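This report examines a single protein chain. Please keep the sequence and the three-dimensional view at hand while reading.

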Amino acid sequence: MSSCVVVWVSSCGSKLENTITRYYSLTTHHQRSVSYYHHHQKVFASSSSSSYSSSASALSSAAVAASVPSRSSEEKVYEVVLKQAALVKEQQQQRRTRKRRSGAAIDEIIDDDFMNNLDLLNAAYERCGQVCAEYAKTFYLGTQLMTEERRKAIWAIYVWCRRTDELVDGPNASHITPTALDRWEQRLNDVFQGRPYDMFDAALSHTVSNYPVDIQPFKDMIEGMRMDLRKSRYNNFDELYLYCYYVAGTVGLMSVPVMGIDPHAKSSTETIYNAALALGIANQLTNILRDVGEDARRGRIYLPQDELAKAGLSEEDIFNGKVTDKWRNFMRGQIKRARIFFDEAEKGVSELNSASRWPVWASLLLYRQILDSIEANDYNNFTKRAYVGQSKKLLSLPAAYAKAFLGPQKLTNIFMR
């Protein structure tokens, strides 16, 4: 799911302006739309035969996975949460100090290295916005209430996440190898060091230079892609939780520093990050429950094996795709757990910066309704795909808007009168 023709450069020290100039020279005759977006994956997978050393790959493996085996996945992931929360606190203090000294507005602080390339950066962010508008229409609409700087940064993060996901789940996934993911991670390191390869990278590089975004959640998402290449079964929920963190919980940790926290927030920074993590876990669990049949046809089962066995279900039952009472009872338990994570997420959404709440509430409400749809389909997620209809989506937007600006409690009080 990528952007454009990727320019692989042998030198990692190329300047941003030269990189973007090369990009323009290659894409002059392309339409300024997202129609070329998928082309990158095939080029990425087949380009540059050079590979990075195995030691580099080992060093880049997520710190989460290297933790003591006896600890649960939730305990391991919490270390990443604490680290990101500490970064935010540190930057908040630095910005308060800087603002007192210079009187500069927070959103006006722009890294000097990019000052001479603002026109090109604006074009890069515009491309990111086009991709977001094409593939995440509801979320894109919600971002319109954010400040311009935050909106652009969220677009840049969204595009990177989409490109990463499409490496193993897109139209060119068959071309992707572990070595290709190693190259993608090395490229991520370059982006964080201010050495982008293309315009989408340039937008992300600029974003992470201006917000307290840690590289670990990005690396962990790549680790989730590696897991998809080598693993198609999960023994228990602890294993599945770690996978859900890698591929979706990481998005919350990437996004909160950009979305910002309400200056009057009553919860701790750590609590708010845990809520963002919970939303990612809830969304991914919902994806898994929605796509049981589709995944089974690909030979994958993203359901805890021990819980299936306890429910009297086998892999054959999944592959046969029959809705039985055992399956219904099993699904009720899985849906209940996903809703618990959504409930946990709600505690933190209202603590975000007021201008950033709407798209998050919209995402939360829409995904919760997918669970309702699974129930409405009598738990047949083998041959029926649960989805939220267009009319319900449209109705969710004002509901999300109300929750974002009135708050769930105030909204409840209004309807109770």
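This is a predicted model: local features need pLDDT of at least 70, side-chain atom pairs count only at pLDDT 80 or more; totals for chains, interfaces and linings use all residues.

## Confidence in the model

Residues are numbered from 1 along each chain as its sequence is written, and side-chain values use heavy atoms, with hydrogens and water left out. The chain has a mean pLDDT of 79, and 74% of its residues reach 70 or more. Helices (H or I, at least four residues) and strands (E, at least two) are DSSP runs, numbered from the N terminus.

## Helix α5

Helix α5 covers residues 118-135, which is 18 residues. The expected span of a helix is 1.5 Å times one less than its number of residues. For α5 this gives 26 Å, and the end C-alpha atoms are 26 Å apart, which agrees.

Several residues of α5 are buried, among them Leu120, Leu121, Tyr125, Arg127 and Val131. Buried means under 20% relative accessible area, exposed over 50%, and partly exposed in between, with a 1.4 Å probe and protein chains only.

## Aromatic pairs

Rings of Phe, Tyr and Trp (its six-membered ring) pair if their centres lie within 6.5 Å; planes under 30 degrees apart count as stacked, over 60 as edge-to-face and the rest as tilted. By this rule there are 13 aromatic pairs. The ring centres of Trp160 and Phe218 are 5.1 Å apart and their planes lie at 65 degrees, so this pair is edge-to-face. Because Trp160 belongs to helix α7 (residues 148-169) and Phe218 to helix α10 (residues 216-230), the pair ties together parts 58 residues apart in sequence. Both Trp160 and Phe218 are buried.

Tyr234 and Tyr302 form a stacked pair, 5.8 Å centre to centre with 25 degrees between the planes. Tyr234 lies in the loop between α10 and α11 (237-259), and Tyr302 in the loop between α13 (292-297) and α14 (305-310), 68 residues apart. Tyr234 and Tyr302 are both buried.

## Charges over rings

A charge sits over a ring if NZ of Lys or CZ of Arg is within 6 Å of the ring centre and within 35 degrees of the ring normal. The charged end of Lys231 is placed over the ring of Tyr234, 5.1 Å from its centre. Likewise, the charged end of Arg337 sits over the ring of Phe237, 3.9 Å from its centre.

Definitions and conventions:
pLDDT is the predictor's confidence in each residue, from 0 to 100.
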